[in-house]
Amino acid sequence: MLNVQVLNGDLTHAKGSVCVLGLYAQIAPNVAFQSVDRVLSGKIYEQYVAGMLDGTLGAVNTCVAGQPLGMEQIYIVGLGDFDALRTRHLREVAQSIVEKCMEHEVETLLTVPLGLGSGHSMDGVCTHYLVGLIEAIISRSPSTITTLKICELDQANCDAIAAQLGAWNAMPFAVTSGKVTERSIAKSQWQRPTDVTYVRIRIGDEAEGRSGLLEVDTEILPPDGRPVKMLPKTVTRSELDGILRELGNRGELTTALGTRLANLVFDGATSGLLAETQRSAVHAIVVQHDREASVLPFEMLSLPTLTFPASSRPFSREFLGQTIVSRQSPHRLREGPLKVLLVANPTDDLPYAEVEATRLIKLAGQSPDIEVEPLWDATRGCFFDHLESGTYDVVHYCGHAFFNPIVPQHSGLKLSDGLLTGADAAMIHDPPRMIFFNACEAGRMRRGPAARTEVEATVDRRVERNAGLAEAFLTNGVAHLLGTHWPVGDRAAEVFASEFYRRLFAGEEIGIAIMRARQQVFGMDSVDWANYIHFGDPIDRVR
């Protein structure tokens, strides 16, 4: 008979063959992981930043545990998209876990009540996840699992779980309650450097009969893992276009203008909650948005109690509804020099690009652990071959870009003899971790504030401009893409790139490096600090 134990206490003190933790797609491991990871000196975090953990619903990732944890392995099971997860999906998750346990001949399975910490009801978690585990275990004949331990820190929750499972008698198993026996465990001083608050924003299509009106849906996921869905807000398309036009044409960014942008998208409660989650300057914000919402320059928003968040903390973006393919080689985070491929002015009509290239080569030359390979007069085939080689961590591209709003995969970078598209990127088996593109279209390059007089303010044009390349390359394996909303002044570009690469080359988190570079430009009283836009995970590193 299966022995089910409901235990009050810390999972890290419990003993068993395997313990289970849950991971949402596109969400960094939250505080629930940190207790376990402190014992493992950050092993789970390392696997996450190396792109080795799959958050797809039902995917089971394995991590060797051993001593000092009293378990052999950790199963990190994918929970899918956190705002798409329904309680019934937890039964599918339970099936996947038990199947993996059978492969490994697991005898004692440890788990927390998955879903309980992120807003799902006790009844739903018991009915679908815990009962799902029990049914899957008992239905296997023979089953290697003899004991299921359910660990929970809250005693009231333990009592509720024990009561619900005890009342369910459809299959033979025994339920007992108790406490996790505490034991001496050597925990390292490791802590995840940066907490992350995720802000998910969707702008729906115009509703029938409501031409010109857009509905903005916002959801906030703070580090404690409990999502908060805010009330939808309706804005007019003319309001959206108007503020984009004003932000693009002005030579300065005032707090009032940044606040207007925030008020356009957020209500007072949303702004207050977002500001409340920011407990320190190393607390990151990741805006996860759909393509329609990508038109908004979130980097420029200002909250009533948190002025210009993007100037004082890591601030990045990710696409919603996109399967981000990670094909990164983990060894490249630790072994050998950081390798940078530099492509500048391949069409031979951007003189300033060569100045930028010379500056980057000089900066990299200050460290023996960085190798920069300039690629002058790059052809499409030559550039593709270099990317295909799998030897580069960073690609710095300074040249023209082509954006295709209808088929984003056909967007790309212009080389001396043609276009390297996002579709081409799909054929690269080991792509670089990062592309920093200072790309322009129609011959337009950074020319200072005057360049902003020609600004496309329509929603469709902004989607084309901000999302085209990012969507094309991120979905094909590039982990990070850094670019700009609008052309940037020469001096600001020099200061930003120098500070960013100095910190990136020193091994700092990408989000921290971008934050410090923005601050350097901010200190110049230049609006260009808010022009830089980063798609990717801010807690990642390239070395």
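Trainee: Where is Ser184 found?
Mentor: Ser184 is found in the loop between strand S7 (173–179) and strand S8 (196–203), where helices (H or I, at least four residues) and strands (E, at least two) are DSSP runs numbered from the N terminus. Keep in mind that this is a predicted model, in which local features need pLDDT of at least 70 and side-chain atom pairs count only at pLDDT 80 or more, while totals for chains, interfaces and linings use all residues. Residues are numbered from 1 along each chain as its sequence is written, and side-chain values use heavy atoms, with hydrogens and water left out.

Trainee: Is Ser184 buried or exposed?
Mentor: Ser184 counts as exposed because its relative accessibility is 76%; exposed means over 50% relative accessible area, buried means under 20%, and partly exposed lies in between, with a 1.4 Å probe and protein chains only. The C-alpha atom of Ser184 is separated by 9.1 Å from that of Pro68, although the two residues are 116 residues apart along the chain.

Trainee: Switching to charges, how many salt bridges does the structure hold?
Mentor: There are 10 salt bridges in the structure, each being a side-chain nitrogen of Lys or Arg within 4 Å of a carboxyl oxygen of Asp or Glu. One of them joins Glu135 to Arg91, with the closest N and O atoms 2.5 Å apart. That pair links distant parts of the chain, since Glu135 sits in helix H4 (residues 122–139) and Arg91 in helix H3 (residues 89–104), 44 residues apart.

Trainee: What is the relative accessible area of Glu135, and what is that of Arg91?
Mentor: Glu135 has 27%, so it is partly exposed, and Arg91 has 25%, so it is partly exposed as well.

Trainee: And what does Asp540 form a salt bridge with?
Mentor: Asp540 forms a salt bridge with Arg433, and their closest N and O atoms are 2.1 Å apart. Asp540 lies in the segment after strand S21 (532–535), and Arg433 in the loop between helix H11 (422–425) and strand S19 (434–440), so the pair ties together parts that are 107 residues apart in sequence. Both Asp540 and Arg433 are buried.

Trainee: Which side chain does a polar contact of 2.8 Å join to Asp540?
Mentor: That contact joins Asp540 to the side chain of His480; a polar contact is a pair of N or O atoms within 3.5 Å, where, within protein, one must be able to donate a hydrogen and the other to accept it, and residues adjacent in sequence count only if both atoms are side-chain atoms. His480 belongs to strand S20 (residues 480–484), and His480 is buried because its relative accessibility is 1%.

Trainee: Which residues are linked with Arg503 in a network of salt bridges?
Mentor: The network links Arg503 with Glu499, Arg502 and Glu508. Within it, the closest N and O atoms of Arg503 and Glu499 are 2.7 Å apart. These two are four residues apart in helix H13 (residues 490–505), so about one helical turn separates them. Arg503 counts as buried at 18% relative accessibility, and Glu499 is also buried, with 11%.

Trainee: Last one, where does Cys126 lie, and where does Cys398 lie?
Mentor: Cys126 lies in helix H4 and is buried, with a relative accessible area of 2%. Cys398 lies in strand S16 (residues 394–402) and is buried, with a relative accessible area of 1%. Cys398 and Glu354 are 44 residues apart in sequence, and their C-alpha atoms are 8.5 Å apart.
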